[in-house]
Amino acid sequence: MLTLGIETSCDDTAASVVRDGSYALSSVVSSQDDIHSKYGGIVPELASRRHIEMIIPVVDEALIRAGVALSDIDGLAVTEGPGLVGSILVGLNFAKSVAYAAKKPLAGVNHIAAHPLAAFLKETPEADVPDFPFVALIASGGHTTLVRYDGFADYAILGSTLDDAAGEAFDKVAKLLGLGFPGGAIIDGLAKAGDPRAFDFTRPYMGKTSLDFSFSGIKTAALEHVRAFKEELTPDAVSGIAASFQEAVVDVLVVKAIRALERTGSNRLVVAGGVACNSRLRLRLQEAATEADARLFMPAPRYCSDNAAMIAVMGFNQLQKGASASLDLNARPTWEGF
Ligand code: KG4
Ligand code: ZN
């Protein structure tokens with residue numbers, strides 16, 4: 001069965017063809033970083049306009065790369081929310097039109113809940129995928145959430161950020177350091193040359209039993225370190241602040257993820273979201289999972305950041321259960337619990 005996934009929740013236009021909810025035959029992502037970087041953040045109006053320009057070429061490209069025609073597709077999956085309403089509506093209306101015209105079933109998908117399902121994408125039939133139940137750490141630009149999954153669309157939130165998301169903290173600290181937007185990958189790169197103990201950063205909420213997160217204090221600490229340098233922020237200071245900040249965020253994410261495993265009695269951890277591309281987080285999670293005797297499932301970076309293959313995996317499973325959305329499916333910019 002072939003599922004066409006469509007994703008436009010934020011600033012990337014993405015489409016993917018996935019076979020049997022397991023094999024990504026194509027995954028096309030058109031980034032808008034070039035548009036938003038000069039504003040230091042995403043401009044919603046510009047995001048939706050670019051989605052309108054890109055949606056048809058991106059879907060076409062996904063079909064071409066998969067070597068299939070629209071008539072071969074068995075069902076569509078589209079991001080219903082959460083995200084920017086103007087962005088979601090572009091993908092949603094497009095998917096509804098195609099589903100109607102081509103007489104295909106359509107699934108509306110929760111973007112955040114779909115992130116960890118990237119772990120079900122296989123490169124080979126032998127590739128390992130997680131069994132249920134598992135714990136997922138979802139760390140993206142808008143979310144930092146620990147979720148217990150008992151089935152594909154059967155999940156319960158264990159903890160969330162009380163203020164900034166981890167990715168948002170990376171982006172804000174990058175801005176303070178005069179780096180570009182989005183800043184997560186830039187900090188990741190610079191931190192390799194920095195000393196993670198050079199600057200003092202508290203680890204908020206780490207000592208608490210709660211599975212919630214708080215990252216705004218870490219961001220404020222970064223601001224104070226930058227201010228202490230006045231105009232003389234040297235390259236060494238930039239990489240030192242980047243490394244020390246990153247280490248603090250990674251410490252908190254790792255401790256809480258392992259704590260969530262203990263709390264749920266699960267020994268399977270899935271990590272997803274753009275921050276799951278972070279090289280230091282990937283290494284530290286690997287070490288922590290080995291120590292905790294847990295299985296770690298980390299999708300390849302291209303399936304951690306926003307993509308439509310994860311949407312297709314969730315949509316495929318919803319459609320298998322017979323859940324086909326009607327044409328009055330509407331955008332859900334906010335989604336209770338997420
Ligand atoms: O999941 P995603 O692609 O989009 C959202 O749904 O938000 O996540 C984007 C976020 C951005 O904040 C970006 O800075 C962060 O993921 N990110 C990273 C890295 N790559 C992307 N953060 C830390 N290290 C990275 N290597
Ligand atoms: Zn995302």
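Domain 1 (2-121 + 303-320) and domain 2 (134-298) both contribute residues to the shell around ligand 1, so the ligand lies between them. The model discussed here is a predicted one, and every value below was computed from it.

### The site

The space that ligand 1 takes up is the largest pocket, and the elements that supply two or more residues to the shell around the ligand are α5 (166-176) and α6 (184-191). Of the 20 residues around ligand 1, the ones that come nearest are G141, D171, D188, G274 and N278. Sorted by class, the shell around ligand 1 holds five nonpolar, twelve polar and three charged residues.

| Residue | Protein atom | Atom of ligand 1 | Distance |
|---|---|---|---|
| H115 | side-chain N or O | oxygen | 3.4 Å |
| G141 | backbone N or O | oxygen | 2.8 Å |
| D188 | side-chain N or O | nitrogen | 2.9 Å |

### Backbone features

Most residues other than glycine have a negative phi, and most peptide bonds are trans.

A cis peptide bond joins G81 and P82, with an omega of about -15°, and P82 is found in the loop that runs between β4 (75-81) and α3 (85-102). The peptide bond from F181 to P182 is also cis, its omega being near -10°, and P182 belongs to the loop between α5 and α6, the two helices that each give two or more residues to the shell around ligand 1. Finally, K103, a residue other than glycine, has a positive phi near 55°, and K103 has its place in the loop between α3 and β5 (106-110).

Conventions. Residues numbered from 1 in each chain as written. Chains lettered and ligands numbered in written order. Predicted model: local features only at pLDDT ≥ 70, side-chain atom pairs only at ≥ 80, totals over all residues. Heavy atoms only, no water. Near = heavy atom within 4 Å. Polar contact = N/O pair within 3.5 Å; in protein donor to acceptor, adjacent residues only side chain to side chain. 1 Å grid on protein atoms, 1.4 Å probe; cavity = no way out; pocket = protein on both sides within 12 Å on 5 of 7 lines; lining within 4 Å. Sits in = over half its atoms within 2 Å of the grid points. Helix = DSSP H or I, 4+ residues; strand = E, 2+ residues; numbered from the N terminus. Nonpolar A, V, L, I, M, F, W, Y, C, P; charged D, E, K, R; others polar. Domains from an automatic or database assignment.
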